[in-house]
Amino acid sequence: MRTQVAIIGAGPAGLLLSHLLALGGVDSVVVETRSEDYVAARIRAGILEHSSVELLEAAGLGARLRAEGDHHRGIYLQWPGERHHLDFVDLVGRGVWVYGQTEVQKDLIAARAADGQEIHYEVSDVELHDVDGDRPSVTFVDRAGRRMRIEADAIAGCDGSFGPSRAAVPAAETFERVYPYSWFGILADVAPSTDELIYAWHPDGFALHSMRSATVSRLYLQVPNGTDPQSWSDDRIWTELATRLGHGENGWKLTPGPITDRSVLPMRSHVRTPMRHGSLYLAGDAAHIVPPTGAKGLNLAIADVALLSKALIAQLKEGNPVLADRYSDDAQRRVWRCTHFSWWMTTMLHTSGEAFDAQLQLSQLRWVAKSQAGATGLAENYAGLPIGY
Ligand code: APR
Ligand code: PHB
(Lines give C-alpha, C1' and ligand atoms only; values in the text may rest on other atoms or scores of the structure.)
(Ligands and ions follow the chains in the order given, each with its own letter.)
Protein backbone atom coordinates (compact mmCIF):
# COMPACT_ATOMS: atom_id res chain seq x y z
CA MET A 1 0.00 0.00 0.00
CA ARG A 2 1.06 3.65 -0.36
CA THR A 3 0.58 6.52 2.04
CA GLN A 4 2.31 9.79 2.94
CA VAL A 5 3.47 8.84 6.47
CA ALA A 6 3.93 5.31 7.79
CA ILE A 7 3.63 5.43 11.61
CA ILE A 8 5.08 2.61 13.71
CA GLY A 9 3.35 2.38 17.10
CA ALA A 10 -0.20 3.19 18.23
CA GLY A 11 0.69 4.64 21.63
CA PRO A 12 -0.11 8.30 22.41
CA ALA A 13 2.73 9.57 20.17
CA GLY A 14 1.69 7.52 17.10
CA LEU A 15 -2.05 8.10 17.37
CA LEU A 16 -1.77 11.82 18.15
CA LEU A 17 0.63 12.24 15.21
CA SER A 18 -1.85 10.51 12.85
CA HIS A 19 -4.57 12.82 14.18
CA LEU A 20 -2.60 16.07 13.77
CA LEU A 21 -1.43 15.02 10.29
CA ALA A 22 -5.02 14.29 9.25
CA LEU A 23 -6.08 17.76 10.47
CA GLY A 24 -3.35 19.11 8.17
CA GLY A 25 -4.53 17.03 5.21
CA VAL A 26 -1.74 14.43 5.36
CA ASP A 27 -2.57 10.71 5.17
CA SER A 28 -0.96 8.06 7.31
CA VAL A 29 -1.12 4.34 8.09
CA VAL A 30 -0.37 3.06 11.61
CA VAL A 31 1.02 -0.38 12.49
CA GLU A 32 1.00 -1.74 16.07
CA THR A 33 2.20 -5.07 17.50
CA ARG A 34 -0.34 -5.19 20.32
CA SER A 35 -4.13 -5.47 20.16
CA GLU A 36 -6.36 -2.40 20.40
CA ASP A 37 -7.66 -3.56 23.79
CA TYR A 38 -4.11 -3.92 25.13
CA VAL A 39 -2.96 -0.42 24.14
CA ALA A 40 -6.25 1.02 25.42
CA ALA A 41 -5.92 -0.59 28.86
CA ARG A 42 -2.22 0.06 29.61
CA ILE A 43 -1.85 1.84 32.98
CA ARG A 44 0.63 4.75 32.76
CA ALA A 45 0.97 8.25 34.21
CA GLY A 46 -1.74 10.81 34.65
CA ILE A 47 -0.58 14.47 34.57
CA LEU A 48 -1.08 16.80 31.59
CA GLU A 49 0.82 20.07 31.26
CA HIS A 50 -1.13 23.22 30.44
CA SER A 51 0.38 23.29 26.93
CA SER A 52 -0.56 19.63 26.33
CA VAL A 53 -4.18 20.37 27.22
CA GLU A 54 -4.20 23.41 24.94
CA LEU A 55 -2.89 21.27 22.07
CA LEU A 56 -5.36 18.42 22.65
CA GLU A 57 -8.24 20.91 22.81
CA ALA A 58 -7.12 22.67 19.62
CA ALA A 59 -7.10 19.23 17.94
CA GLY A 60 -10.68 18.55 19.03
CA LEU A 61 -9.61 16.06 21.74
CA GLY A 62 -10.50 18.11 24.81
CA ALA A 63 -14.18 17.41 25.51
CA ARG A 64 -13.88 14.40 27.88
CA LEU A 65 -10.68 15.79 29.39
CA ARG A 66 -12.53 18.97 30.38
CA ALA A 67 -15.57 17.01 31.56
CA GLU A 68 -13.84 14.23 33.51
CA GLY A 69 -10.30 15.51 34.16
CA ASP A 70 -9.34 17.56 37.21
CA HIS A 71 -7.57 20.91 37.03
CA HIS A 72 -4.95 21.23 39.75
CA ARG A 73 -3.41 24.57 40.77
CA GLY A 74 -0.20 22.92 41.98
CA ILE A 75 1.38 20.23 44.16
CA TYR A 76 2.42 19.63 47.77
CA LEU A 77 6.09 19.17 48.59
CA GLN A 78 6.80 17.61 51.95
CA TRP A 79 9.40 16.19 54.30
CA PRO A 80 8.88 14.97 57.88
CA GLY A 81 7.00 17.61 59.85
CA GLU A 82 6.47 20.04 56.94
CA ARG A 83 4.09 20.11 53.96
CA HIS A 84 4.07 23.08 51.58
CA HIS A 85 1.65 23.81 48.72
CA LEU A 86 3.25 25.22 45.55
CA ASP A 87 0.53 27.14 43.70
CA PHE A 88 1.61 27.08 40.04
CA VAL A 89 -1.28 29.33 38.99
CA ASP A 90 -0.11 32.06 41.38
CA LEU A 91 3.54 31.47 40.50
CA VAL A 92 3.43 31.13 36.68
CA GLY A 93 -0.23 31.61 35.70
CA ARG A 94 -0.93 28.01 34.73
CA GLY A 95 -1.71 24.72 36.44
CA VAL A 96 -1.91 21.07 35.33
CA TRP A 97 -4.65 18.53 34.66
CA VAL A 98 -5.05 15.09 36.22
CA TYR A 99 -6.32 12.87 33.39
CA GLY A 100 -4.93 9.35 33.01
CA GLN A 101 -2.85 8.45 29.94
CA THR A 102 -5.32 5.55 29.56
CA GLU A 103 -8.08 8.14 29.05
CA VAL A 104 -5.99 10.12 26.54
CA GLN A 105 -5.40 6.84 24.69
CA LYS A 106 -9.14 6.05 24.68
CA ASP A 107 -9.94 9.52 23.27
CA LEU A 108 -7.32 9.09 20.55
CA ILE A 109 -8.56 5.63 19.56
CA ALA A 110 -12.15 6.93 19.35
CA ALA A 111 -11.14 10.01 17.33
CA ARG A 112 -9.03 7.96 14.87
CA ALA A 113 -11.82 5.41 14.44
CA ALA A 114 -14.34 8.21 13.77
CA ASP A 115 -11.94 9.57 11.13
CA GLY A 116 -11.51 6.14 9.49
CA GLN A 117 -7.79 5.98 10.29
CA GLU A 118 -6.12 2.84 8.93
CA ILE A 119 -4.51 1.06 11.92
CA HIS A 120 -3.10 -2.47 11.67
CA TYR A 121 -3.09 -4.00 15.17
CA GLU A 122 -1.41 -7.25 16.21
CA VAL A 123 1.22 -7.08 13.46
CA SER A 124 4.63 -8.74 13.62
CA ASP A 125 8.04 -8.65 11.87
CA VAL A 126 7.94 -4.89 11.45
CA GLU A 127 10.97 -3.75 9.44
CA LEU A 128 12.07 -0.39 8.04
CA HIS A 129 13.63 -0.12 4.59
CA ASP A 130 15.54 2.51 2.58
CA VAL A 131 15.04 5.23 5.23
CA ASP A 132 18.01 7.17 3.82
CA GLY A 133 17.05 6.42 0.20
CA ASP A 134 14.27 7.68 -2.03
CA ARG A 135 11.80 4.81 -1.54
CA PRO A 136 11.28 4.46 2.24
CA SER A 137 8.94 1.66 3.26
CA VAL A 138 7.81 -0.45 6.21
CA THR A 139 7.12 -4.18 5.89
CA PHE A 140 5.16 -6.27 8.38
CA VAL A 141 3.09 -9.41 8.74
CA ASP A 142 -0.54 -8.64 9.52
CA ARG A 143 -2.65 -10.57 12.01
CA ALA A 144 -3.96 -12.77 9.14
CA GLY A 145 -0.36 -13.77 8.40
CA ARG A 146 -0.10 -11.77 5.17
CA ARG A 147 3.21 -10.05 4.41
CA MET A 148 2.55 -6.35 3.70
CA ARG A 149 4.58 -3.31 2.57
CA ILE A 150 3.73 0.35 3.16
CA GLU A 151 5.53 2.72 0.81
CA ALA A 152 5.61 6.26 2.19
CA ASP A 153 7.27 9.68 1.90
CA ALA A 154 8.19 9.58 5.57
CA ILE A 155 8.33 7.08 8.44
CA ALA A 156 7.53 8.07 12.03
CA GLY A 157 9.10 5.85 14.69
CA CYS A 158 6.64 6.07 17.60
CA ASP A 159 7.32 2.53 18.77
CA GLY A 160 8.65 3.27 22.24
CA SER A 161 11.90 2.22 23.82
CA PHE A 162 11.81 -1.38 22.57
CA GLY A 163 10.70 -0.87 18.95
CA PRO A 164 12.79 -1.28 15.76
CA SER A 165 12.82 2.40 14.70
CA ARG A 166 15.54 3.65 17.02
CA ALA A 167 17.97 1.03 15.70
CA ALA A 168 17.39 2.37 12.17
CA VAL A 169 19.19 5.60 13.09
CA PRO A 170 22.85 4.63 12.60
CA ALA A 171 25.52 6.18 14.82
CA ALA A 172 22.94 7.67 17.15
CA GLU A 173 24.55 9.22 20.21
CA THR A 174 22.95 7.98 23.44
CA PHE A 175 23.00 9.46 26.91
CA GLU A 176 21.82 7.35 29.87
CA ARG A 177 21.49 7.53 33.63
CA VAL A 178 20.06 4.50 35.48
CA TYR A 179 18.80 5.21 39.02
CA PRO A 180 19.56 2.82 41.93
CA TYR A 181 15.90 2.57 42.92
CA SER A 182 12.48 1.87 41.42
CA TRP A 183 8.86 2.93 41.91
CA PHE A 184 6.34 0.53 43.43
CA GLY A 185 3.04 1.82 42.01
CA ILE A 186 -0.46 0.86 43.15
CA LEU A 187 -3.96 1.67 41.96
CA ALA A 188 -6.58 1.58 44.73
CA ASP A 189 -10.36 1.86 44.78
CA VAL A 190 -10.42 4.54 47.50
CA ALA A 191 -11.05 8.26 47.45
CA PRO A 192 -7.79 10.24 47.37
CA SER A 193 -6.74 11.52 50.82
CA THR A 194 -5.51 14.77 49.25
CA ASP A 195 -6.92 17.38 46.87
CA GLU A 196 -3.64 17.73 44.93
CA LEU A 197 -0.54 15.55 44.46
CA ILE A 198 1.83 15.07 47.42
CA TYR A 199 5.55 14.55 46.66
CA ALA A 200 7.15 13.37 49.92
CA TRP A 201 10.82 13.13 50.88
CA HIS A 202 11.30 10.68 53.77
CA PRO A 203 14.39 8.98 55.25
CA ASP A 204 12.75 5.60 54.43
CA GLY A 205 12.36 6.64 50.78
CA PHE A 206 10.23 8.79 48.45
CA ALA A 207 6.44 8.52 48.27
CA LEU A 208 3.87 10.08 45.93
CA HIS A 209 0.11 10.39 46.42
CA SER A 210 -1.61 10.88 43.06
CA MET A 211 -5.08 10.00 41.84
CA ARG A 212 -7.19 9.05 38.84
CA SER A 213 -10.62 10.22 39.96
CA ALA A 214 -12.71 11.02 43.06
CA THR A 215 -12.86 7.27 43.78
CA VAL A 216 -9.51 5.94 42.49
CA SER A 217 -6.10 6.73 44.04
CA ARG A 218 -2.67 6.16 42.49
CA LEU A 219 0.29 5.96 44.88
CA TYR A 220 3.99 5.22 44.55
CA LEU A 221 6.82 4.18 46.89
CA GLN A 222 10.59 4.25 46.33
CA VAL A 223 11.84 0.63 46.56
CA PRO A 224 15.11 -1.19 45.76
CA ASN A 225 15.58 -2.30 42.14
CA GLY A 226 14.36 -5.84 41.54
CA THR A 227 11.58 -5.64 44.16
CA ASP A 228 8.88 -8.23 43.46
CA PRO A 229 5.49 -6.46 43.69
CA GLN A 230 3.83 -9.68 44.84
CA SER A 231 6.23 -9.95 47.80
CA TRP A 232 4.63 -7.01 49.66
CA SER A 233 1.39 -7.54 51.59
CA ASP A 234 -1.32 -4.89 51.26
CA ASP A 235 -0.78 -4.01 54.93
CA ARG A 236 2.91 -3.44 54.40
CA ILE A 237 2.20 -1.20 51.39
CA TRP A 238 -0.31 0.97 53.27
CA THR A 239 1.85 1.10 56.40
CA GLU A 240 4.86 2.26 54.39
CA LEU A 241 2.74 4.86 52.55
CA ALA A 242 1.27 6.13 55.84
CA THR A 243 4.72 6.55 57.38
CA ARG A 244 6.29 8.32 54.42
CA LEU A 245 3.27 10.55 53.63
CA GLY A 246 2.92 11.68 57.24
CA HIS A 247 -0.31 9.97 58.33
CA GLY A 248 -1.40 11.57 61.64
CA GLU A 249 0.71 14.70 61.19
CA ASN A 250 -1.34 17.91 61.65
CA GLY A 251 -4.48 15.78 61.71
CA TRP A 252 -3.97 14.51 58.15
CA LYS A 253 -5.02 10.91 57.52
CA LEU A 254 -4.23 8.52 54.66
CA THR A 255 -7.26 6.31 53.96
CA PRO A 256 -6.31 2.83 52.67
CA GLY A 257 -8.51 0.80 50.32
CA PRO A 258 -8.60 -2.23 48.01
CA ILE A 259 -5.52 -2.39 45.76
CA THR A 260 -6.56 -3.20 42.18
CA ASP A 261 -3.20 -3.04 40.43
CA ARG A 262 0.47 -3.10 41.45
CA SER A 263 3.72 -2.88 39.49
CA VAL A 264 7.36 -2.00 39.98
CA LEU A 265 8.89 0.46 37.50
CA PRO A 266 12.68 0.81 37.10
CA MET A 267 13.86 4.39 36.60
CA ARG A 268 16.21 5.77 33.98
CA SER A 269 16.92 8.82 31.90
CA HIS A 270 17.74 8.02 28.26
CA VAL A 271 18.22 10.38 25.33
CA ARG A 272 19.12 9.52 21.73
CA THR A 273 20.22 11.99 19.11
CA PRO A 274 19.56 12.71 16.27
CA MET A 275 15.80 12.18 16.20
CA ARG A 276 15.81 12.16 12.39
CA HIS A 277 17.68 10.08 9.83
CA GLY A 278 16.73 10.56 6.19
CA SER A 279 12.97 10.08 6.00
CA LEU A 280 12.75 8.48 9.46
CA TYR A 281 11.64 10.66 12.39
CA LEU A 282 11.62 9.46 16.02
CA ALA A 283 9.10 10.77 18.57
CA GLY A 284 8.19 9.95 22.16
CA ASP A 285 9.76 7.06 24.06
CA ALA A 286 11.48 5.87 20.86
CA ALA A 287 13.84 8.85 21.31
CA HIS A 288 13.88 9.51 25.05
CA ILE A 289 12.88 8.11 28.44
CA VAL A 290 12.50 10.16 31.60
CA PRO A 291 11.94 8.95 35.18
CA PRO A 292 8.29 9.65 36.15
CA THR A 293 9.09 12.02 39.03
CA GLY A 294 8.59 15.11 36.86
CA ALA A 295 5.45 13.78 35.10
CA LYS A 296 7.08 14.52 31.71
CA GLY A 297 6.89 11.24 29.70
CA LEU A 298 3.51 11.74 28.04
CA ASN A 299 3.86 15.51 27.79
CA LEU A 300 7.19 15.21 25.99
CA ALA A 301 5.68 12.73 23.51
CA ILE A 302 2.86 15.22 22.85
CA ALA A 303 5.35 18.07 22.34
CA ASP A 304 7.44 15.96 19.93
CA VAL A 305 4.48 15.14 17.67
CA ALA A 306 3.25 18.73 17.80
CA LEU A 307 6.58 19.75 16.22
CA LEU A 308 6.80 16.72 13.91
CA SER A 309 3.27 17.11 12.53
CA LYS A 310 3.94 20.77 11.66
CA ALA A 311 7.24 19.79 10.01
CA LEU A 312 5.74 16.96 7.92
CA ILE A 313 2.68 18.98 6.86
CA ALA A 314 4.98 21.82 5.70
CA GLN A 315 7.20 19.38 3.83
CA LEU A 316 4.50 17.15 2.29
CA LYS A 317 1.82 19.75 1.64
CA GLU A 318 3.90 22.85 0.83
CA GLY A 319 7.21 21.26 -0.22
CA ASN A 320 8.95 23.31 2.50
CA PRO A 321 11.66 21.18 4.23
CA VAL A 322 12.82 23.84 6.74
CA LEU A 323 10.95 22.58 9.82
CA ALA A 324 11.66 18.94 8.94
CA ASP A 325 15.39 19.75 8.69
CA ARG A 326 15.24 21.50 12.08
CA TYR A 327 12.98 18.89 13.77
CA SER A 328 15.68 17.01 15.69
CA ASP A 329 17.36 20.17 17.05
CA ASP A 330 14.03 21.83 17.89
CA ALA A 331 12.72 18.74 19.69
CA GLN A 332 16.00 18.13 21.55
CA ARG A 333 15.82 21.53 23.27
CA ARG A 334 12.69 20.45 25.12
CA VAL A 335 13.94 16.87 25.53
CA TRP A 336 16.95 18.06 27.52
CA ARG A 337 14.92 20.60 29.50
CA CYS A 338 12.53 17.83 30.55
CA THR A 339 15.38 15.35 31.07
CA HIS A 340 17.10 17.82 33.40
CA PHE A 341 13.88 18.65 35.30
CA SER A 342 13.00 14.94 35.72
CA TRP A 343 16.57 14.15 36.93
CA TRP A 344 16.44 17.17 39.30
CA MET A 345 13.09 16.13 40.84
CA THR A 346 14.29 12.52 41.09
CA THR A 347 17.60 13.30 42.81
CA MET A 348 15.98 15.89 45.13
CA LEU A 349 13.27 13.50 46.36
CA HIS A 350 14.76 9.95 46.43
CA THR A 351 16.94 8.91 49.35
CA SER A 352 20.36 7.42 48.70
CA GLY A 353 21.09 6.45 52.28
CA GLU A 354 23.95 8.98 52.36
CA ALA A 355 23.61 11.43 55.30
CA PHE A 356 25.34 14.23 53.34
CA ASP A 357 22.90 13.80 50.43
CA ALA A 358 19.95 13.88 52.82
CA GLN A 359 21.02 17.28 54.22
CA LEU A 360 21.54 18.63 50.69
CA GLN A 361 18.10 17.39 49.65
CA LEU A 362 16.38 18.89 52.69
CA SER A 363 18.13 22.21 52.16
CA GLN A 364 17.03 22.21 48.50
CA LEU A 365 13.45 21.30 49.42
CA ARG A 366 13.30 24.13 52.00
CA TRP A 367 14.60 26.57 49.38
CA VAL A 368 12.23 25.39 46.64
CA ALA A 369 9.24 25.42 48.99
CA LYS A 370 9.96 28.72 50.72
CA SER A 371 11.70 30.95 48.14
CA GLN A 372 9.67 32.62 45.38
CA ALA A 373 12.55 32.02 42.94
CA GLY A 374 12.87 28.34 43.85
CA ALA A 375 9.15 27.63 43.71
CA THR A 376 8.76 29.51 40.43
CA GLY A 377 11.52 27.43 38.83
CA LEU A 378 9.76 24.21 39.75
CA ALA A 379 6.34 25.56 38.76
CA GLU A 380 7.51 26.73 35.33
CA ASN A 381 8.95 23.32 34.49
CA TYR A 382 6.19 21.20 36.04
CA ALA A 383 3.27 23.13 34.54
CA GLY A 384 5.18 22.98 31.26
CA LEU A 385 6.93 25.32 28.90
CA PRO A 386 5.18 26.43 25.69
CA ILE A 387 5.24 23.92 22.82
CA GLY A 388 8.18 24.79 20.56
CA TYR A 389 10.21 25.99 23.59
N1 APR B 1 5.94 -2.56 15.69
C2 APR B 1 4.80 -1.84 15.93
N3 APR B 1 4.51 -1.26 17.14
C4 APR B 1 5.39 -1.44 18.11
C5 APR B 1 6.60 -2.19 17.95
C6 APR B 1 6.86 -2.77 16.67
N7 APR B 1 7.94 -3.50 16.43
N8 APR B 1 7.29 -2.18 19.13
C9 APR B 1 6.53 -1.46 20.00
N10 APR B 1 5.40 -1.03 19.39
C11 APR B 1 4.31 -0.25 19.98
C12 APR B 1 4.05 -0.60 21.44
O13 APR B 1 3.24 -1.75 21.55
C14 APR B 1 3.34 0.66 21.92
O15 APR B 1 1.93 0.58 21.75
O16 APR B 1 4.69 1.11 20.00
C17 APR B 1 3.88 1.78 20.99
C18 APR B 1 4.76 2.77 21.75
O19 APR B 1 3.90 3.46 22.63
P20 APR B 1 4.41 4.01 24.06
O21 APR B 1 5.35 3.07 24.68
O22 APR B 1 3.22 4.42 24.83
O23 APR B 1 5.29 5.27 23.67
P24 APR B 1 4.86 6.72 23.17
O25 APR B 1 3.67 6.65 22.27
O26 APR B 1 6.08 7.35 22.74
O27 APR B 1 4.27 7.43 24.50
C28 APR B 1 5.14 7.83 25.50
O29 APR B 1 4.03 6.52 27.07
O30 APR B 1 5.30 5.03 28.15
C31 APR B 1 4.65 6.17 28.30
O32 APR B 1 5.87 7.29 29.94
C33 APR B 1 5.68 7.17 28.57
O34 APR B 1 4.10 8.63 28.90
C35 APR B 1 5.06 8.26 27.97
C36 APR B 1 4.35 7.82 26.77
C1 PHB C 1 0.53 9.45 38.18
O2 PHB C 1 -0.55 10.00 38.46
O3 PHB C 1 0.61 8.28 37.80
C4 PHB C 1 1.78 10.26 38.30
C5 PHB C 1 1.70 11.57 38.69
C6 PHB C 1 2.85 12.33 38.82
C7 PHB C 1 4.07 11.76 38.56
C8 PHB C 1 4.14 10.45 38.14
C9 PHB C 1 3.00 9.69 38.02
O10 PHB C 1 5.19 12.49 38.70
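Modeller: We may begin with the polar contact, which is a pair of N or O atoms within 3.5 Å. In this predicted model, a backbone N or O atom of Ala295 lies 3.5 Å from an oxygen atom of ligand 2.

Colleague: How much of the area that ligand 2 exposes when taken alone is buried by the protein?

Modeller: Ligand 2 alone exposes 280 Å², and the protein buries 99% of that area.

Colleague: How many residues surround ligand 2, and which are the closest?

Modeller: A residue is counted if one of its heavy atoms lies within 4 Å of the ligand. Here 14 residues surround ligand 2, and the closest are Tyr199, Ser210, Arg212, Tyr220 and Pro292. By class, this shell holds nine nonpolar, three polar and two charged residues. Strand S15 (207-211) and strand S16 (217-223) each contribute at least two residues to the shell.

Colleague: What is the volume of the second largest pocket?

Modeller: The volume of the second largest pocket is about 160 Å³. Its lining has 13 residues, and those closest to the pocket centre are Gly100, Thr102, Glu103, Arg212 and Ser213. Helix H4 (63-68) and helix H6 (101-114) each provide at least two lining residues. The lining comprises five nonpolar, four polar and four charged residues.

How values were computed
Residues are numbered from 1 along each chain as its sequence is written. Chains are lettered from A and ligands numbered from 1 in the order in which they are written. This is a predicted model: local features need pLDDT of at least 70, side-chain atom pairs count only at pLDDT 80 or more; totals for chains, interfaces and linings use all residues. Side-chain values use heavy atoms; hydrogens and water are left out. A polar contact is a pair of N or O atoms within 3.5 Å; within protein, one must be able to donate a hydrogen and the other to accept it, and residues adjacent in sequence count only if both atoms are side-chain atoms. Accessible areas come from the Shrake-Rupley method with a 1.4 Å probe; for residues, only the protein chains shown count as cover. Helices (H or I, at least four residues) and strands (E, at least two) are DSSP runs, numbered from the N terminus. Ala, Val, Leu, Ile, Met, Phe, Trp, Tyr, Cys and Pro count as nonpolar, Asp, Glu, Lys and Arg as charged, and the others, Gly among them, as polar. On a 1 Å grid over the protein atoms alone, a cavity is a set of points where a 1.4 Å probe fits but cannot get out, and a pocket is an open set with protein on both sides within 12 Å along at least five of seven lines; lining residues have an atom within 4 Å of a point. Grid points are joined across faces, edges and corners, and a volume is the space filled by probe spheres set on the points.
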